[in-house]
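This report goes through one protein model part by part. Keep the sequence and the 3D view open while reading.

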Amino acid sequence: MPERAYIIHGYLSYPQEAWLPWLKIELEKRGYDVCLPSMPHPDRPAIPEWIDFIAKIVGEPDQNTALIGHSLGCHAVLRYLESLGAAGKSVKKTVLVASSFPIATPPKQAQEIAGDDPALLPWFTTGLDPEKVQKAAGKCTVILSDDDPFIPVEQAKASYQGNLDAKIIIEHGKGHFNEDDGLTELPSVLEAVIS
């Protein structure tokens, strides 16, 4: 069976944003079956809907499966992994770009993070069981930028430490790794998937 990769974009994003299509092409060149879907309602993402969607496209996860998430897509991937860990299943690799580990944040603080969008509140007020995520995540890499305007790098690093055994890579000057930052390629992600 070929290696499979699932690339999950984030809030207000889409499959053609920034480095996502480049990664799909590069992985396909290396023989991967790659799925880069449009996530449902990216302007008002709902946790159950996104987890169910990922579960449907992945089908039966196995040791040929890699999950790649960007921004809120990482939270969706991690929540999906929690459900896999609870069922005693796992994937081969998980690569998370520009996010922190979901920790139950007090409502007032979550409101500040979510801003004006109530759809985002559950993503920040609902924590995860790190043990279940760890069981399911396989080899895990987290890629952060030292100047991300949404994800403070030290805070993000701290959120993963003790919750997920991940290799953490800090990129310089890559912002939120999105279109606004002019990124069309991201070699560190490709390397994390194929290494």
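## A serine in a loop

In which loop is S13 found? S13 sits in the loop between β1 (4–8) and α1 (20–29). The model is a predicted one, and every value below is computed from it.

The relative accessible area of S13 is 6%. Buried means under 20%, so S13 is buried. The side chain of S13 is joined to the side chain of E17 by a polar contact of 2.4 Å.

## The nonpolar core

In soluble globular proteins, nonpolar side chains tend to be buried together. Here the largest nonpolar core has 37 residues. Those with the most contacts inside this core are L67, L78, L81, L96, W123 and L164.

Several elements each supply at least two residues of this core: β1, α2, α3, α4, α5, α6 (130–137), β5 (139–145) and α7. The largest share, eight residues, comes from α3.

## Two aromatic pairs

A pair of aromatic rings is described by the distance of the centres and the angle of the planes. The structure holds two aromatic pairs. In one of them, the ring centres of W50 and W123 are 5.7 Å apart and the planes stand at 75 degrees, so this pair is edge-to-face. W50 belongs to helix α2 (residues 47–58) and W123 to helix α5, so the pair ties together parts that are 73 residues apart in sequence. Both W50 and W123 are buried.

F101 and Y160 also form an edge-to-face pair, with 6.0 Å from centre to centre and 75 degrees between the planes. Why does this pair tie together parts that are 59 residues apart in sequence? The reason is that F101 lies in the loop between β4 (93–97) and α4, while Y160 lies in helix α7. F101 and Y160 are both buried.

## The loop between β4 and α4

S99 has its place in the loop between β4 and α4. With a relative accessible area of 2%, S99 is buried. Its side chain makes a polar contact of 2.7 Å with the side chain of Y160, a residue that also pairs with F101.

A98 is found in the loop between β4 and α4 as well. The relative accessible area of A98 is 1%, so A98 is buried.

## Positive phi angles

Most residues other than glycine have a negative phi, and most peptide bonds are trans. A98 has a positive phi, near 65 degrees, and is a residue other than glycine. S71 is not a glycine either, and its phi is positive at about 55 degrees.

S71 lies in the loop between β3 (65–70) and α3. Is S71 buried or exposed? S71 has a relative accessibility of 17% and therefore counts as buried.

## The largest pocket

Rolling a probe the size of a water molecule over the atoms shows where empty space is left. The largest pocket holds about 850 Å³ of space. Its lining has 32 residues, and S71, I113, F124, F150 and I151 are those nearest the centre of the pocket.

Which helices each supply at least two residues of this lining? They include α3 (72–86), α4 (107–114), α5 (121–125) and α7 (153–160). Sorted by class, the lining has 17 nonpolar residues, 13 polar residues and two charged residues.

Note on methods
Residues numbered from 1 in each chain as written. Predicted model: local features only at pLDDT ≥ 70, side-chain atom pairs only at ≥ 80, totals over all residues. Heavy atoms only, no water. 1 Å grid on protein atoms, 1.4 Å probe; cavity = no way out; pocket = protein on both sides within 12 Å on 5 of 7 lines; lining within 4 Å. Points joined across faces, edges and corners; volume = space filled by probe spheres on them. Helix = DSSP H or I, 4+ residues; strand = E, 2+ residues; numbered from the N terminus. Nonpolar A, V, L, I, M, F, W, Y, C, P; charged D, E, K, R; others polar. Phe/Tyr/Trp six-rings, centres within 6.5 Å; stacked < 30°, edge-to-face > 60°. Buried < 20%, exposed > 50% of the residue type's maximum accessible area, 1.4 Å probe, protein only. Polar contact = N/O pair within 3.5 Å; in protein donor to acceptor, adjacent residues only side chain to side chain. Core = buried A, V, L, I, M, F, W, Y, C linked by side-chain atoms within 4.5 Å.
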